Every structure is written in structure tokens, then in C-alpha cells.
Amino acid sequence: MKKIGLHEIRKEFLDFFEGKGHLILPSFSLVPQNDKSLLLINAGMAPLKPYFTGEKKPPRERVATCQKCIRTADIENVGKTDRHATFFEMLGNFSFGNYFKKEAIQWAWEFLTVNMEIPKELLWVSIYEEDDEAFEIWKNEVGVPAEKIVRLGKEDNFWELEVGPCGPCSEIYVDRGEKYGCGKEDCEPGCDCDRYIEVWNLVFTQFDKDENGNYHPLDHPNIDTGMGLERIATVMEGTDNIFEVGEIKKIINIVEREAGKKYGQKYEWDVSIRVITDHARAMTFLVSDGVIPSNEGRGYVLRRLIRRAARHGKLLGIEKPFLSSVVSGVIESWKVTYPEIDVNKERILKVIRAEEEKFQETIHQGIQILDNYIEEIKNKNQKYLDGEKAFKLYDTYGFPLDLTREILEEKGLAVDEEEFNFHMEEQRKRARKARERSTDAGWKHGEIIDFSKEIDTEFKGYESLDTNSRVVEIIIDGSSTGTIKEGMEGIIVLDQTPFYAERGGQVGDKGIFRNNNFLAHVVDTQYAKDDIIIHYIKVDKGVLNIGDSVEAQVDYNYRHDVMRNHSATHLLHRALKDVLGEHVNQAGSIVLPDRLRFDFTHFEAVQEEELKEIERIVNEKILEALEVKTIETSLEKAQAAGVVGLFEEKYKDKVRVVQMGDYSKELCGGTHVNNTSFIGMFKIISESSIAAGVRRIEAITGRAVYNYLLGLEEDLNNISQIMKVNRKDLSSKVQNIMEELKSKEKEIEALKAKMASSIVDEILNSKQNINNIDYIACKVENMDMNSLRNLGDKLKDSLGSGVIVLSSVDNNKIYFLCAVTKDLVEKGIHAGNIIKEVAKVAGGGGGGRPDMAQAGGKDVSKVDEALNKVPSILEEQLK
């Protein structure tokens with residue numbers, strides 16, 4: 001058997017099939033393209049599905065790939081078994097109606113026995129029990145003895161979905177020897193033991209299954225094969241499992257160094273080391289392919305992997321963030337085949353480091369709370385954690401349900417997942433209601449408007465802001481009527497309109513309707529059901545009837561301000577990708593006349609220097625005076641041209657592409673300037689977080705920037721007058737004042753510390769005792785939390801053994817602090833639990849470590865009552 005490593009096997013496989021006339025395609029992204037049935041690519045054939053179904057024509061009838069794959073269905077078993085992994089590479093050769101069983105079988109045998117030099121006597125095969133054709137090829141043409149060809153049933157050797165292409169398969173096994181076996185005389189492929197390892201699956205797609213379960217022969221049968229790279233590497237390197245394959249062992253070595261623990265010395269350590277090693281590969285390639293951590297979909301898979309790996313790091317005793325160094329090892333080893341991970345290295349490390357640090361902030365508190373829950377469950381002789389408590393861990397501390405479940409299982413407990421799902425669904429309902437409250441009025445009105453006839457409005461607003469139109473419908477209070485008069489408000493529908501109805505984040509137009517006898521202001525434009533454009537109007541004078549003609553005129557300045565902002569969002573989107581990375585995607589937007597708001601996927605706050613660069617690029621593109629063109633094309637052509645769009649959304653056959661020079665191309669139905677120079681200027685006003693993994697930029701353009709600059713000018717002049725200094729000297733004047741303030745603050749802190757020291761003895765004299773434990777519950781005046789902590793430390797040192805609870809009201813803010821000496825912590829007294837109950841009396845909340853905790857309050861009148869509760873809280877903890 002040839003001694004060959006993982007990277008060499010991959011190369012030799014692809015070279016072999018290239019020699020057999022196959023087109024070698026690079027691995028597709030882990031993110032499926034135009035396939036809503038998959039969250040992530042989980043098999044070698046998955047990205048090629050359109051070629052198998054005939055939806056698309058393949059670039060060649062023979063193709064071979066090494067495809068990155070992610071599977072998380074058995075994530076709980078990763079680390080515990082020799083074979084489970086979330087990330088793996090699948091080698092595959094495919095035929096789209098070209099060759100069939102004979103060639104697929106012969107080439108697989110040739111590659112294994114000739115190229116890999118696996119002794120023929122170690123190879124076994126399985127076939128579908130009714131596939132005599134495959135049996136004949138294996139026995140008579142390849143020369144496999146009949147006793148080494150095992151017939152298995154549909155469950156093992158027939159690939160099919162409910163309907164569509166399907167067919168039998170044949171698997172190739174390597175006999176690893178009796179030491180891996182079960183000892184049974186009839187042990188052979190199909191046995192549950194580890195002796196026979198399946199390395200290659202050949203699927204013969206030769207039937208089309210109909211809805212009645214009938215199998216019809218395909219005119220052009222296909223071949224779909226898959227061989228796990230890590231699994232064949234295990235065979236070739238003679239290792240016991242995939243984790244001991246050379247390249248993967250390099251990653252294990254990094255984890256060993258980080259943890260200071262050796263692989264193979266303790267089962268629990270081995271599980272954690274394997275989990276981290278596997279998940280590090282998965283997270284590296286997911287982030288490289290544009291996935292960022294979030295609470296939904298692919299982002300949740302990534303978050304789960306990062307947090308699970310981080311938690312296993314804790315189990316190994318690693319306290320600092322460490323995943324970046326493990327991931328760097330993955331990049332170093334796999335960049336030989338996947339250079340993009342080296343190109344994306346900085347972003348990959350930043351995303352993973354940011355998520356790990358975010359989890360570090362809450363993991364200690366979350367685990368502490370879960371430990372308390374576990375203690376409660378055991379004290380009550382229960383077996384389940386309440387779903388509501390599991391949901392709180394998820395919602396407040398970022399604990400994925402899987403992590404809570406895993407920790408509970410280690411203690412022989414479980415979680416009420418039904419109740420957890422109930423609370424999760426309740427949260428989703430609340431979110432949906434919030435979204436509905438903010439949904440555009442046109443949709444809401446569209447649900448209640450009773451149109452008297454079928455209506456179709458032609459939109460003319462791309463070409464013109466003024467049309468002569470005929471009134472086809474008048475709605476007042478939700479019902480159709482024939483007339484609207486002076487002083488009334490209602491909805492008008494026209495046969496044609498220049499008014500843009502709100503959609504895609506762009507607000508609806510405003511303007512006027514008029515004729516010789518009538519004048520009304522259009523205050524909003526929306527879509528009703530069936531995409532009918534409706535105009536909300538207030539009548540200034542006259543009467544309007546169905547059938548009348550009106551001049552419909554859009555407010556020129558309003559529309560052009562909106563257009564400036566909309567075009568700027570496209571430039572901003574492209575600039576964000578240029579500066580932050582291609583993982584950035586639009587997550588929402590609103591385009592108003594006075595500002596724009598753009599939400600986008602990103603894993604951390606955008607740095608000030610990055611914001612400056614983004615702003616500079618957008619203004620540069622404005623000054624370059626790029627021509628803005630709109631093109632109607634097919635969705636397929638738009639995708640092929642690299643147009644940016646939410647391709648998971650439903651689009652019509654024809655789509656509208658807005659192109660700005662060679663810089664930006666996006667699918668968009670909104671209105672835009674004809675040239676970027678018309679935008680005038682672009683200024684970012686704010687950048688903030690609106691959800692996990694989603695950031696928001698608010699910006700202004702055109703006349704709004706001018707007004708913004710005028711406002712800054714006025715503020716500078718006013719500040720200069722107040723400071724009694726010229727504008728050019730303003731910065732140095734402010735700096736002098738700040739230095740003076742810092743100096744005074746230090747004096748104040750020193751005085752407070754002196755005051756605190758002077759009252760230590762006085763407070764110590766107020767100590768009391770309960771159940772042989774000294775405690776202090778005392779209110780002090782005008783101390784902030786920092787001063788209160790210093791006082792607490794001094795009292796703790798002087799008291800020697802005891803519990804200290806302090807409170808202070810400073811500038812109408814209530815502060816509570818609890819400190820517990822080490823000997824009492826060991827007896828089970830917990831500062832965090834004490835302060836939580838104390839603060840609750842004053843309408844506040846807080847928590848912290850067993851030895852030190854702090855909280856706030858709301859009701860100043862309840863501070864004394866809160867402190868008086870300390871003895872009863874202590875008694876409860878001492879039970």
C-alpha cells in the first residue's frame with residue numbers, strides 16, 4: 001500500500017480523473033447557490049444538482065471535484081467516536097449522461113489498486129440486492145471473487161428521494177483486519193463493527209421514480225460517486241481514525257500546546273481536543289465562504305461551532321481566547337489547495353476572535369447560572385431543566401440549546417425542549433408583531449380596501465415626474481365611492497402615475513393632483529394588494545369624480561433627494577464590501593429624502609478608520625461622475641454578470657439591474673440619479689449594532705450634507721464665543737479644560753478615599769452576627785460604585801471573616817455592593833445571590849461572583865428596607 005498523505009491523495013485523485021477526460025472543477029462554496037432545500041453543502045453532488053436534474057447544462061459531461069462539506073446532524077457525537085466530523089472533503093467523479101456502471105466501477109478499482117496500491121485481497125464490495133448488472137461487472141470484468149461481493153437491501157444500497165432520479169449504488173470497503181472486528185464468523189461489509197471501512201460509494205442514477213412509486217428507466221443515466229478524503233487518508237496512512245491523519249494531527253498538536261495537555265492520555269481530554277480540532281476546520285471554511293455568526297440559519301451553525309469549541313477549551317483549562325491560533329494552523333495546512341483561506345485569513349481570524357471574545361464575556365456567568373439550575377434540579381430529585389430557564393440562558397447569555405443540552409447530558413440530566421421551543425416561538429411572534437407595526441401602510445390598507453372593479457395602474461415614474469392621468473378609483477374609509485370633496489382625505493387610484501409607491505426600502509412619493517376645478521396634496525404613495533398603486537390625498541379645493549382627468553405631479557425636490565440617497569446606498573454597499581470584505585450583505589434599508597439607513601451583515605463594530613475609508617470611496621465615486629444605467633435582463637444573466645442581489649428572494653423572469661459605471665451592479669426596482677455626480681456629497685452620521693452580526697449605518701447626501709455643515713459651523717461659532725477663544729485655538733482650549741477637570745477629579749477621589757478610611761471604624765462598630773457569622777449592612781452617603789468598592793475592600797480586610805452589604809445614593813443613582821470573605825464563600829454564601837435579592841426590594845437588579853457583586857436600584861425610599869432584608873437572606877443561604 002502506498003504511503004501517501006491527505007493533500008497528495010486529493011491531487012492524485014483529481015489528476016487521475018483529469019486523465020480520464022474529466023473537467024476538474026474547484027470546490028464550490030459551502031453556501032448553496034439558488035438551492036433553498038439546503039442550509040449548507042453536505043455532499044459532493046449537492047452543488048451539481050442542477051446538472052443532474054437538467055435545469056442547467058454542465059460545462060462538460062464528465063466532471064470531478066473535491067468538495068468541502070459540512071454536516072451537523074450528529075454534532076453531539078463529534079469527538080466521542082472515531083468517525084464523526086462536521087467538516088470533511090468529498091472526492092467525486094460524475095457523469096451527466098456520458099459513461100455508466102462499467103467505467104465507474106473499473107476506474108474506481110483502478111485508482112484504488114493501481115494508484116493507491118491497495119492490495120486487491122483487502123477490498124470488498126457491496127451492491128444492491130437486485131443489481132445483477134453491477135454483480136457481473138465486478139465479478140467477470142474486474143475480477144472480484146463472488147464471495148467478496150455482498151448483496152444488501154434498499155436501506156443500504158439504493159439512493160432515492162420521494163420522487164425523481166434515483167438508482168442502486170455499489171460501495172467499496174477496505175478490510176482493516178481482525179483487530180478492528182467483532183469476532184463473528186459471518187462478519188463482512190454491512191456489519192456494525194469497524195473492521196470493514198467503506199471508502200467509496202458509486203451511485204448509478206438510472207431510474208426516475210414517479211409519485212406512485214413506479215421506477216422508469218432514464219434515457220441518459222448518470223454517475224455520482226463519493227469518497228471521503230479523510231477516510232481514505234485513514235486507510236492510506238494506517239491510522240486508527242481520522243483524527244490521527246497527518247494533517248489533522250498537526251491541528252491536534254496546536255490544541256495540545258494551547259491546553260498543556262497530551263492527546264491520548266485521558267478520554268475526556270481526547271473528546272475536547274477532537275471537538276476543537278474538527279470545529280476549527282469547519283469554522284475556518286464557513287467564515288471564508290462568507291458566513292458570519294448569528295442566531296439564525298448558517299450563522300447559527302457557525303456560532304454553535306465556535307461556542308462549542310470555546311467551551312471545550314474551558315474544559316481543557318484554557319482560559320484565554322485561543323481559537324485564532326488553532327484556525328491559523330488550519331489555514332497554513334489547507335491553503336495549498338484552498339488559497340482563498342489564506343487570502344481571507346485576516347477576516348477569518350477577526351470573525352472567530354470577535355465571536356469567541358463575545359462568548360467569553362457571558363460563558364462564566366452562564367455556566368454559573370446553569371450550575372445553580374443543576375444543583376436545584378438535583379436537590380429536588382428531578383431529571384429535567386425547565387425550558388423557560390434554558391431559553392433564558394439562550395436569550396440572555398448566548399447559550400445555544402445544544403450547549404445547554406450537552407452540559408446537562410454530562411450530568412445525566414435533560415432539558416424540556418418542548419417548553420424551550422414554546423418560548424422561542426413566543427419571541428418570534430413578538431418580533432413578527434413588531435415588524436407588522438412597522439410595515440408600510442399600503443400593505444395594511446391593501447388588506448381592507450374594497451375595490452369596486454379590477455384595476456391596473458401603469459407606473460411612469462422612471463421616465464417622468466408629471467403625467468396626465470384618469471381617476472379610476474376613489475376610496476374613503478376603506479370603501480369605494482364616486483366622489484371626493486374639499487376638506488376630505490382619501491385614496492386615489494389612477495390609470496397611470498409617475499408616483500413611486502413605497503417598496504424595497506424607498507419611501508413613497510409626495511406631490512399634487514390638480515385640474516381646473518381641483519387641487520389635492522399627495523401625502524404618501526403605497527402598494528395595496530395585487531400591486532395596485534394607491535395615493536393618499538388631502539383635498540385643498542374642489543371636487544374630484546371617478547373618470548376625471550388630473551395632472552399628477554411628483555414633488556421634484558422630494559423625489560430627487562430620495563434618489564440621491566438611494567443611489568448612495570448602492571455605492572455604500574459596494575464600498576462596505578471593498579473595505580470590510582465580500583461577506584458583507586444588505587440586511588435591510590430605508591431611503592428617505594433627508595437621510596438613508598443601511599443595515600448590513602458584519603461581525604464587529606466598524607472601526608473609525610474603516611468608516612473614513614468607506615466615506616472616502618463613496619465620495620470618490622460621486623466625484624468620478626459615473627453614469628447610472630438601468631438594464632432589464634433575465635435573472636440568470638444578472639447572476640452570471642456578478643450582479644449583487646438577495647438571490648434567495650423570489651424574482652420575476654425579468655429583473656431590473658442598476659449599474660453605476662463599472663463600480664456597482666445591483667438588482668433594484670427603485671428610482672436613481674442618472675449620474676453619481678448628482679448625489680453631491682455623502683456623509684456618514686452614525687454606525688451602530690442592531691442585532692447579533694448586523695450593523696447599521698445612517699448617512700446623508702446632497703442638500704442634507706450642506707445643512708449639516710451649516711449646523712456644525714454654527715455650533716463651532718457658538719462654542720468659540722462661550723469659550724471666549726478663536727476657532728483655530730478651540731481644540732487646545734478644550735484640551736486644557738479637560739486636563740484641569742481630570743486633576744480636580746483626582747483630588748475629589750483622594751478626598752473620598754480619605755473619607756472612606758475615616759468611616760471604616762465607625763462602620764465596623766455596626767457589625768452584627770447571625771448564626772455565628774459577622775455581617776455589616778450599612779448605608780453611606782454620596783459614593784459612586786468605584787468608591788463603594790474601595791470601601792468594601794477595606795472593610796473586608798479589617799473584618800477578616802464576614803459579609804458586607806453597602807448602599808449609597810449618589811446623584812440620584814442607587815448603588816448596592818456585597819463582599820464575602822473567602823472562608824464564607826467556601827461555606828456556600830454567594831455575594832451575587834445576596835445582592836440580587838437586596839436590589840430587588842429597591843426595584844433594581846444585578847449580580848456577580850460569589851465573593852463580590854454589585855447592583856443598582858430605582859426606588860430611593862426603599863434602600864433602608866433593602867438593607868434590613870440582609871439577615872433573612874443570609875439565613876436562607878445558610879440552610
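**Side-chain interactions**

Mentor: Lys 621 has a relative accessible area of 13%, so this residue is buried (buried means under 20% relative accessible area, exposed over 50%, partly exposed in between, with a 1.4 Å probe and protein chains only). This is a predicted model, in which local features need pLDDT of at least 70 and side-chain atom pairs count only at pLDDT 80 or more, while totals for chains, interfaces and linings use all residues. Residues are numbered from 1 along each chain as its sequence is written, and side-chain values use heavy atoms, with hydrogens and water left out.

Trainee: With which residue does the side chain of Glu 624 meet in a salt bridge?

Mentor: A salt bridge requires a side-chain nitrogen of Lys or Arg within 4 Å of a carboxyl oxygen of Asp or Glu. Glu 624 is partly exposed, since its relative accessible area is 39%. Its N to O distance in the bridge is 3.4 Å, and the partner is Lys 621.

Trainee: How many salt bridges are there by this rule?

Mentor: One network of salt bridges links Glu 76, Arg 304, Arg 405 and Glu 417. By the rule given above, the count of salt bridges comes to 56.

Trainee: How many residues apart are Glu 355 and Arg 307?

Mentor: The side chains of these two residues, Glu 355 and Arg 307, form a salt bridge with an N to O distance of 2.7 Å. The pair links distant parts of the chain, with Glu 355 in helix H12 (residues 345-379) and Arg 307 in helix H9; helices (H or I, at least four residues) and strands (E, at least two) are DSSP runs, numbered from the N terminus. Glu 355 is buried at 2% relative accessible area, and Arg 307 is buried at 5%. The separation of Glu 355 and Arg 307 is 48 residues.

Trainee: Is Arg 703 buried, partly exposed or exposed?

Mentor: Arg 703 forms a salt bridge with Asp 561, the closest N and O atoms being 3.0 Å apart. The bridge joins helix H17 (residues 556-580), which holds Asp 561, to helix H20 (residues 702-723), which holds Arg 703. Asp 561 is buried, with a relative accessible area of 11%. Arg 703 has 39% relative accessibility and therefore counts as partly exposed.

Trainee: Why does the pair of Phe 87 and Phe 285 count as stacked or otherwise, and at what angle are the planes?

Mentor: The whole structure has 27 aromatic pairs (rings of Phe, Tyr and Trp, the last by its six-membered ring, pair if their centres lie within 6.5 Å; planes under 30 degrees apart count as stacked, over 60 as edge-to-face and the rest as tilted). Phe 87 is in strand S3 (residues 87-95) and Phe 285 in helix H8 (residues 267-288), so the pair ties together parts 198 residues apart in sequence. Phe 87 is buried at 0% relative accessible area, and Phe 285 is buried at 1%. Their ring centres are 4.7 Å apart, and the pair is stacked because the planes are at 5 degrees.

Trainee: Which residue lies over the face of Tyr 462?

Mentor: A charge sits over a ring if NZ of Lys or CZ of Arg is within 6 Å of the ring centre and within 35 degrees of the ring normal. The charged end of Arg 176 sits over the ring of Tyr 180, 4.0 Å from its centre. For Tyr 462, the distance from the ring centre is 3.7 Å, and the residue is Arg 656.
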